[in-house]
Amino acid sequence: MSISPTTNPAVTRTQLRTMWLASIGGALEFYDFVIFVFFTAVIGKLFFAANLPDWVRQLQTFGIFAVGYIVRPLGGIVMAHPGDTLGRKRVFTLSILLMAFPTLIIGLVPTYRSIGIGAPLLLLVMRVLQGMAIGGEAPGGWVFVAEHAPAHRTGLGIGLLTSGLSFGILIGSLVTTLMHLFLSPEQILAGFWRLPFLLGGVLGFFGLILRRKLQETPVFEEIRTQAQARRELPLWVILRTSPRAVVASFAGTWVLTAGILVVILMTPTLLQNVFRLNADKIQIANLAGTAALVVSTTVIGMAVDRYGLKRLAIPSMAFLALSTYALYFAAMHAPGAILPLYILAGFGAGAVVLTPIAMVNAFPPLVRFTGVSFSYNIAYAIFGGLTPPLVAWLGQLNSLGPVYYVAAVAVIGAVGILISPNYVSNRCELFPGQSLGVDTERRS
């Protein structure tokens, strides 16, 4: 039997503070992770042999960047197990420490000219640590805020955290833009490139201090008192009992990669290469679109609390596809409308917040961290790796190829949300038939 999420208990000041602190930490951690990609050209020149062709150094730098994505599933699985057995807060706090330290070190590493091959090797090690951290950050954050939120207000909590993660991307883009506005390429190469990494490391440690003030989630405290006897490996439990939740989470993560990678991160380059548009104007439009994404994820999360997740699945995914089409259509026929339509597309990309809401609700609390982390990181590694080359190829075949890709994946994402199991994320069963000792409502 399904229940309608019409009752929205007020969020207490303590709960709202917890959500904001988690969101701020998420923004700082995602800034640390993405700032590397904004400085790949500089890193390629400084951390590899000067006698190599530029394209080889660029390829090697992108390879080091990609390592962060490759190790995400391993980091997510390794960090998820203690998240389900030792506590959400411990892992949520560890992830930001594991991100801040290597970011700071990257800002201090000597270049190839000083220590030779040791320079790119140190970068590689630091990137591995960053990938391990990010593998636990988003899943851990979504679970943490959802379990702190009152019943039927998990959309607000997850929306705020997702806004924080998006804001980290926006900060990285802003910092890079400002540096290129006020510093010459020679000054950046001479050492100013280190500033964003040093800033990220310092801010990351500030985020660690904030997270130490957070309390463990009430759901895990209940698990700690009532489920001590269970010693079964959480990942095995997920694979054995929740295959539909895993499949649905894979589908949702696919649309998340399309919304973020294609609409926000790849579209500026695609519009320049395919339609030969002005790079500066597109960069400004992209910043506005990213800001719209920051706002829309919270707005859509609140709408989920009011109207229900599955009611919003089809209209949200349709808006994502249509707003992306409008942006590319404008690039083809009305370049002057790029700015407002990129803002519209940013709002459309906010549909990605439906994915973490669905994932958190798809797994029972005893194995929720593992379920979300395993599904999200494995799917992101697959689709996050395939999407850029596939979309670039589609853009060469047809100028609207990226739009068709986003539309097709949006359909898959909507289906994934509609078939996803839906536990009330902070008042539910350990497993079907095993009560937490609190309210055991379950939505169909």
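About 40 Å³ of space lies in the second largest cavity of this predicted model, and a search of the whole structure returns 2 cavities of 30 Å³ or more. By cavity I mean a set of points, on a 1 Å grid over the protein atoms alone, where a 1.4 Å probe fits but cannot get out, with lining residues having an atom within 4 Å of a point; the volume is the space filled by probe spheres set on the points, which are joined across faces, edges and corners.

Before going further, a word on conventions. Because the model is predicted, local features need pLDDT of at least 70 and side-chain atom pairs count only at pLDDT 80 or more, while totals for chains, interfaces and linings use all residues. Residues are numbered from 1 along each chain as its sequence is written, and side-chain values use heavy atoms, with hydrogens and water left out.

The lining of that second largest cavity consists of Ala 248, Ser 249, Gly 252, Thr 355, Ala 358, Met 359, Gly 416, Ile 417 and Ser 420. Two or more of these residues come from each of helix H13 (243-275), helix H17 (354-362) and helix H19 (401-419), helices here being DSSP runs (H or I, at least four residues) numbered from the N terminus.

The patch, of about 500 Å², is made by Val 247, Ile 314, Val 411, Val 415, Leu 418 and Ile 419; nonpolar patches join side chains of Val, Leu, Ile, Met, Phe, Trp or Tyr within 5 Å, from residues with over 30% relative accessible area and no salt bridge, with areas taken from the Shrake-Rupley method with a 1.4 Å probe and only the protein chains shown counting as cover for residues. Ile 419, which lies in helix H19, counts as partly exposed at 34% relative accessibility, on a scale where buried means under 20% relative accessible area, exposed over 50%, and partly exposed in between (1.4 Å probe, protein chains only). Val 406, by contrast, lies in helix H19 but is buried at 0% relative accessibility, and its C-alpha atom is 9.5 Å from that of Met 317, 89 residues apart in sequence.

Turning to charged pairs, the structure holds 2 salt bridges, each defined by a side-chain nitrogen of Lys or Arg within 4 Å of a carboxyl oxygen of Asp or Glu. In one of them the side chains of Arg 368 and Glu 147 meet at 2.8 Å, N to O; Arg 368 lies in helix H18 and Glu 147 in helix H7 (residues 118-148), so the pair ties together parts that are 221 residues apart in sequence. Arg 368 is buried, with a relative accessible area of 0%, and Glu 147 is buried at 1%. Arg 153 forms a salt bridge with Asp 305, with the closest N and O atoms 3.6 Å apart; Arg 153 is in the loop between H7 and helix H8 (154-182) and Asp 305 in helix H14, so this pair joins parts 152 residues apart in sequence. Both Arg 153 and Asp 305 are buried.

Finally, a point about the backbone: Arg 276, although not a glycine, has a positive phi of about 55°. Most residues other than glycine have a negative phi. Arg 276 sits in the loop between H13 and helix H14 (279-307), and Arg 276 is exposed, with a relative accessible area of 67%.

Note on methods. On a 1 Å grid over the protein atoms alone, a cavity is a set of points where a 1.4 Å probe fits but cannot get out, and a pocket is an open set with protein on both sides within 12 Å along at least five of seven lines; lining residues have an atom within 4 Å of a point. Patches are made of residues with over 30% relative accessible area and no salt bridge: like charges are joined within 9 Å, nonpolar side chains (Val, Leu, Ile, Met, Phe, Trp, Tyr) within 5 Å.
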